[in-house]
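Student: Can you show me the model we were going to go through? I'd like to begin with a loop.

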Amino acid sequence: MSDNNTQPLPLGWSIAQLRDIAEINPSTIFHIEDDSSEVNFVPMRAVAPEGGGLTEPEIRPYGEVKKGYTSFLSGDVIMAKITPCMENGKTTVVPDLPNAICFGSTEFHVVRVETGIHAAWISQFLLRHDLRRLAQRQMTGGVGQMRVPATFLQNVEIPVPPTAEQERITERLDELLSDLVAGSEALHRAQVKLNLYRASVLKAAVQGDLTAKWRQQHPDAEPASALLQRILTERRQLWEQSQLRKFKATGKTPPDKWKEKYKEPVAPNTTSLPSLPPNWCWATVDQCSSLLQYGSSSKTNADDKGVPVLRMGNINKDGVLNLDKLKYLPTNHEEFPELLLSEGDLLFNRTNSAELVGKTTQYKGVPEPCSFASYLIRVRMIELICPEIVVLSLNSLRGRSWINSVVNQTVGQANVNGTKLASFPLALPPRAEQNAIVELAEGQLSVIEHLCNDLRVTLESSMGLKQTILGSAFRGKLVARGLSDEPASVLLRRIAAEREKLEATNKVKRKLPARRKRQQK
């Protein structure tokens, strides 16, 4: 199940399956009589990603956790088995905690090593990216609930050095990786600060703080209320033009009173909405748009001679459009040109996890032509409004709060449909102020995005270096071999013999009650 058996082993090393040198999810019997006794509790959030250790273990009463949780001991290795925690490297050796008794999330696998095997050796092996990719391919379960089965861990093949060499290697790894971990933590803190700065820029943009000085310099700007009336007039005219084209295409004469079929857009309920800056007003996406449309559900392919189809993965959590891993539909696809994007169209992610649903971006004409998939909603704004204003609003904390208030949550998925999106209350500035907001916000956001990209590259480089170090460790390249070290083959035979002896003892204990019954007869 691993590729380690294809690598030449250093002298004195052996290959073993993990189940031969450790117990996977062992039963742990605690003799605790008082339910009020305090025990250690490890929620998933307490395990830092990329082997960062336990950051916030808790203390809970035994009666609260004795049922329905995973039990383990200090010195055990715990590994997240559910996606995405497993892929994120939530694996660690449980440190020495009070009384050594621990309970935690049911989404942990527990590995309890045999005598002569260092828990840190197992933990670092499980943190290798190649092992995690292999585990990901073995996951079972439904969307959002995929888990690594225990059988995967049982069958994993792992190189086993002599016990003394394991200790030397793990000590050297601690030395080499400690600086990397400290640097990575500093980079993560910088990312958090940039995210907070980004959120503050969005907040200032949609609340009018960003252009407070601009309003003082432009007191005669057309009020947004007047702009909204022009938008509504334009919206109706576009509908009428569309209807006339349909009549002409079918050769029909417009019937009497056909204009009365126009459906007035939904206006916002301002009862619980906050106050706005001078000359701003509330409007809805429905009032300010001429089109809301779901994307294609047709099966895409990898043929880059076709038309690229933007999917929810092409919008990052900050609403930035990326063009990686594109899929395609044939150029003669039956839904074209109806589902081809126009420059300025907004793309709203209607279905995703609760954290990512609602992320919004703007299509700026590249690539061209281009379409979009069914988990996205295309919104085409009336030309009298800057589409960027809507993107800023939906991606802001105010927008996220609104999305959370209207989302429909199902198992592993969250959804905001087109009807709800149409009702989104938009803080509408005067047209000239919209331009100023976009210019100021995009200037600051572009700097933030540039810094975030630099941090991402540095973190990836750091993680790459860590994996290189781990690779050297498990090929025996990190420390010198001790000539007097007991070969791992001897260690493995001893573990096997001790297990056989223990199993024989347990069999005798299980048979004793039956023998006593026969003696009594």
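Tutor: P369 is placed in the loop between β17 (360–362) and β18 (371–372), where strands are DSSP runs of E with at least two residues, helices are runs of H or I with at least four, and both are numbered from the N terminus. This is a predicted model in which local features need pLDDT of at least 70 and side-chain atom pairs count only at pLDDT 80 or more, while totals for chains, interfaces and linings use all residues. Residues are numbered from 1 along each chain as its sequence is written, and side-chain values use heavy atoms, with hydrogens and water left out.

Student: OK, and what kind of peptide bond joins E368 and P369?

Tutor: The bond joining E368 and P369 is cis, with omega at about 0 degrees. A cis bond also joins T83 and P84, again with omega at about 0 degrees, and P84 lies in the loop between β6 (77–80) and β7 (91–93). Most peptide bonds are trans, and most residues other than glycine have a negative phi.

Student: On phi, then, what is the value for K257, and is K257 buried or exposed?

Tutor: K257 has a positive phi, near 60 degrees, although it is not a glycine, and it sits in the loop between α8 (224–250) and β11 (281–284). Its relative accessibility is 62%, so K257 counts as exposed, given that exposed means over 50% relative accessible area, buried means under 20% and partly exposed lies in between, using a 1.4 Å probe and protein chains only. K325 has a positive phi near 50 degrees, lies in the loop between β13 (307–310) and β14 (327–329), and is exposed at 74% relative accessible area.

Student: Switching topic: which residues of α11 are buried?

Tutor: In helix α11, residues 397–406, the buried ones are G399, R400, W402, I403 and V406. They lie on the same side of α11 because they cover an arc of only 160 degrees around the axis, the arc being that of the directions from the helix axis to the C-beta atoms. The opposite face, turned away from the buried side, carries the exposed residues L397 and S405.

Student: What about α4, which of its residues are buried?

Tutor: Helix α4 (residues 129–137) has L131, R132, L134 and A135 buried. These residues lie on the same side of α4, because their arc around the axis is only 160 degrees, and their cover includes α3 (119–126), α5 (150–155) and α13 (431–473).

Student: Last one: how many helices and strands does the protein chain have, and what are its spans?

Tutor: The protein chain has 14 helices and 22 strands, and its C-alpha trace spans about 105 × 60 × 55 Å along the principal axes. Of its 521 residues, 46% are buried.

Definitions and conventions:
Contact means heavy atoms within 4.5 Å.
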